[in-house]
Amino acid sequence: MDWYEDLNLWSGFSAVLFSPERERQAAEIVATSPLLAFPPNSRVLDQCCGVGVFTVPLAHQGYRTTGVDLHTELLERAAAVCADAKVEASFVQADVREYVAPAAFDVVLNMYTSFGYFEDPGENLQVLRNAHDSLAPGGQLIVDLLSKETYASWVGPPKIVDIPGGMVVMRDTILDDWSRYRTDWTMVRGNTAEHSSLTCYVYSATELRTMFEQAGFESVECFGGWDGRPYDGEATRLIVRGNKVRTA
Ligand SMILES: C[S@@+](CC[C@H](N)C(=O)[O-])C[C@H]1O[C@@H](n2cnc3c(N)ncnc32)[C@H](O)[C@@H]1O
């Protein structure tokens with residue numbers, strides 16, 4: 001099994017990955033970011049949506065939102081949150097390497113470093129191609145991740161994150177001449193320790209821009225934060241946006 005297929009990783013480390021603090025931040029980003037202000041009723045696809053941290057506030061804004069994820073259990077959690085919040089969204093269990101809904105969306109989002117998971121570089125490019133094919137002409141793809149440049153500013157000693165009843169120790173290792181990294185997580189609760197690790201590609205802005213162009217996107221732009229700031233030395237994230245060409 002590849003690491004991203006392991007449900008225990010995503011649900012076991014939920015307290016860090018899908019924390020109430022992240023939900024609050026995502027709701028604020030969706031409500032305020034100029035990058036996420038789409039025309040009313042836009043059809044939005046949230047690739048790798050997990051438990052719906054972004055899907056739910058997007059649906060709350062009135063967008064016609066669909067979340068896709070590999071893990072049914074995470075999608076069920078997302079659907080339950082939607083039901084509680086009385087908002088409507090659709091959820092599809094699928095692998096993003098395969099999921100395509102031809103021209104069905106105005107916006108495709110890939111949020112919170114959910115990109116670069118596949119060992120074969122062509123499969124990561126395929127995810128962008130699938131986004132492109134799923135967009136109507138004039139539609140846009142936004143990918144949000146920790147880039148090579150932003151990662152370089154904080155990678156180093158292990159970090160400890162407190163969670164209810166314990167803590168998670170996180171250690172990052174750079175691999176293959178800065179092509180990829182491995183993150184090792186150890187969750188300590190009482191007398192038990194649980195370990196998981198994941199290995200991803202890490203991209204510079206230039207590398208990701210080139211992949212967008214290879215997938216067919218034009219007018220590709222990079223941003224350094226959800227307020228739309230430039231991707232410069234102050235950037236906290238890499239957010240790349242590209243458009244599918246409008247037909248004449
Ligand atoms: C870091 S989490 C981010 C989830 C969500 N975007 C968020 O902001 O909370 C990455 C998600 O990617 C999903 N995932 C991993 N591999 C996948 C694949 N091949 N196809 C679809 N989803 C996948 C995982 O199940 C997980 O929910």
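The largest cavity has a volume of about 30 Å³, taken as the space filled by probe spheres set on grid points joined across faces, edges and corners. This is a predicted model, in which local features need pLDDT of at least 70 and side-chain atom pairs count only at pLDDT 80 or more, while totals for chains, interfaces and linings use all residues. Residues are numbered from 1 along each chain as its sequence is written, and side-chain values use heavy atoms, with hydrogens and water left out.

The structure holds 1 cavity of 30 Å³ or more, a cavity being a set of points, on a 1 Å grid over the protein atoms alone, where a 1.4 Å probe fits but cannot get out. Cys48, Val96, Ser114, Phe115, Gly116, Tyr117, Phe118, Asn124 and Val127 line the largest cavity, each with an atom within 4 Å of a point. By class, this lining has 6 nonpolar, 3 polar and no charged residues.

Turning to the ligand, 21 residues surround it, and the closest are Arg22, Cys48, Asp69, His71 and Val96; a residue counts here if one of its heavy atoms lies within 4 Å of the molecule. The shell around the ligand has 15 nonpolar, 3 polar and 3 charged residues.

Among the polar contacts (pairs of N or O atoms within 3.5 Å), a polar side-chain atom of arginine 22 lies 2.8 Å from an oxygen atom of the ligand. A polar side-chain atom of aspartate 95 lies 3.1 Å from a ligand nitrogen atom, and a polar backbone atom of valine 96 is 3.0 Å from a nitrogen atom of the ligand. The protein covers 98% of the 600 Å² of accessible area that the ligand has on its own, by the Shrake-Rupley method with a 1.4 Å probe.

Note on methods
A polar contact is a pair of N or O atoms within 3.5 Å; within protein, one must be able to donate a hydrogen and the other to accept it, and residues adjacent in sequence count only if both atoms are side-chain atoms. Ala, Val, Leu, Ile, Met, Phe, Trp, Tyr, Cys and Pro count as nonpolar, Asp, Glu, Lys and Arg as charged, and the others, Gly among them, as polar. On a 1 Å grid over the protein atoms alone, a cavity is a set of points where a 1.4 Å probe fits but cannot get out, and a pocket is an open set with protein on both sides within 12 Å along at least five of seven lines; lining residues have an atom within 4 Å of a point.
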